[in-house]
Amino acid sequence: MPSASHVFHRSSRATPPRAVSGQGVYLIDETGKRYLDGSGGAAVSCLGHSDADVIAAIRDQTETLAFAHTGFFTSEPAERLADRLIAHAPEGIEKVYFVSGGSEAVETALKMARQYFIEIGQPGRTRFIARRQSYHGNTLGALSAGGNAWRKAPFAPLMAESHHIAPCYAYRGQEPGESLEEYGLRVANELEAELLRLGPDTVIGFIAETVAGATLGAVPAVPGYFKRIREICDRYGILLILDEVMCGMGRTGTLFACEQDGVSPDIVTIAKGLGAGYQPIGATLCSGAIHDAFAEGSGFFQHGHTYIGHATACAAADVVVGKLTDGGLTARAAEMGAKLDAALRDRFGQHPHIGDIRGRGMFRGLEIVADRDTRRPFAPEKGVNKAIKAAAFEAGLICYPMGGTIDGREGDHVLLAPPFILTDDELGELVDKLDTAFAQVI
């Protein structure tokens, strides 16, 4: 039966519980039930749900200047946040374009990359290459770039052309006798092969999640993979676009995830943890060379949204990024992430239905299998990931299970991305409640 609510909820057949407050790592519903936010929503709430400093910054900013359209003004919070981000950004990144979320950030990156080549006199470049089993957002351009077959299928006739190579997914892709480095080079070299197939002069760039998130479940690249990708991009003059909407802003133990891979992109997207859930904000950061092409060419990026550079959102995010950097919370994410990894391996390392435990920092994934030895997945019809989500939620744990891990249809995983303020006791509670859900379902 249809819900009595006038809100168009994610599911049209049920109304979710009503959240009424947040305290630290917990969300509380209208009955008083407490839920440990083990996934930070969708890897968003890095500071938890009651950070007094961020709340105060929002209040103070709205009392001074809530909003000024960027067609007329800049603002102090936007300038201050951009300075802070660039001070910690990968080498060569010099400019920040603020938006309202992750899909907008990726959409901006794609359009920025395309117009860059128009500005430098290479309008024949019209194609992007991405990876299968990737996810870059739900707007049409971002969805086109992504490789999540299930999300794309209904809208495929509306999408722009894009091309995909294999993900860097060692658990499923590494061959017997092949080292991690050899595997990484093999799958990275697929980019060169695809470039040669398409014609290098027709390609704008390669877009990838630095640590693959929602679709694959916290899969980092193997050593050397992104360095080889960077070499290929440079050789053929295409842009490297890294999507850190989910894995950036301290989530993996460094402010930008690519710091651990030893590469600098031409464009990098961030969101989620940038606002930590207190305000909707994202950003597309680009190299000085890209911005110079605009400045020396048309002087105008043919793009924009009403709320870009929103003063209140930037004020909140500036406090968030200050806490992640000067406040030490990114270092804490690395420390607590190591503890979380150890706890997961201790509890589930020999579990007959947990095939792989992976990730970086406070970004961890567990791949669920029917047979650990053969890595055979459960039949999709069993709906294992949905059952785990429901069982965990009933136990008072919010986690992020997904299906279609392997190919868009088969495979299940659980993604964990808890707030960086998680204590040792709360970490133990998270693992206990996840164990309860696993025991109930599998």
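Predicted model: local features only at pLDDT ≥ 70, side-chain atom pairs only at ≥ 80, totals over all residues.
**View 1. Helix 3 against helix 11.** In this view, helix 3 (residues 76-87) and helix 11 (residues 311-324) have axes that come within 8 Å of each other and cross at roughly 30°. Because angles under 35 degrees count as roughly parallel, helix 3 and helix 11 are described as roughly parallel to each other, and their crossing is left-handed. On the side of helix 3, the contact involves Pro77, Ala78, Arg80, Leu81, Arg84 and Leu85, which meet Ala311, Cys314, Ala315, Ala317, Asp318, Val321 and Gly322 of helix 11. Sorted by class, the residues of this contact between helix 3 and helix 11 comprise 9 nonpolar, 1 polar and 3 charged.

**View 2. Helix 2 against helix 11.** Helix 2 (residues 52-64) also packs with helix 11, the two axes coming within 9 Å and crossing at roughly 150°. Helix 2 is therefore roughly antiparallel to helix 11, and the crossing of helix 2 and helix 11 is right-handed. From helix 2, the residues in contact are Asp53, Val54, Ala57, Ile58, Gln61 and Thr62, while helix 11 contributes Ala311, Thr312, Ala315, Ala316, Val319, Val320 and Lys323. The contact of helix 2 with helix 11 is made up of 8 nonpolar, 3 polar and 2 charged residues. Ala311 and Ala315 of helix 11 are listed here and also in the contact of helix 11 with helix 3.

**View 3. Helix 4 against helix 10.** The axes of helix 4 (residues 102-119) and helix 10 come within 9 Å, with a crossing angle of roughly 55°. Helix 4 and helix 10 are therefore oblique to each other, and helix 4 passes helix 10 in a left-handed crossing. Met112, Gln115, Tyr116 and Glu119 of helix 4 form the contact together with Ala289, Ile290, Ala293 and Phe294 of helix 10. By class, the residues of the contact of helix 4 with helix 10 divide into 6 nonpolar, 1 polar and 1 charged.

**View 4. The second largest pocket.** At least two lining residues are supplied by each of helix 3, strand 4 (93-99), strand 12 (282-287) and helix 10 (288-296). The lining of the second largest pocket divides by class into 13 nonpolar, 12 polar and 4 charged residues.

Note on methods:
Residues numbered from 1 in each chain as written. Heavy atoms only, no water. Axes fitted to C-alpha atoms, helices over the stretch in contact; angles between N-to-C directions. Helix = DSSP H or I, 4+ residues; strand = E, 2+ residues; numbered from the N terminus. Parallel < 35°, antiparallel > 145°, perpendicular 65-115°, else oblique. Left-handed = near helix turned anticlockwise from the far one by under 90°. Contact = heavy atoms within 4.5 Å. Nonpolar A, V, L, I, M, F, W, Y, C, P; charged D, E, K, R; others polar.
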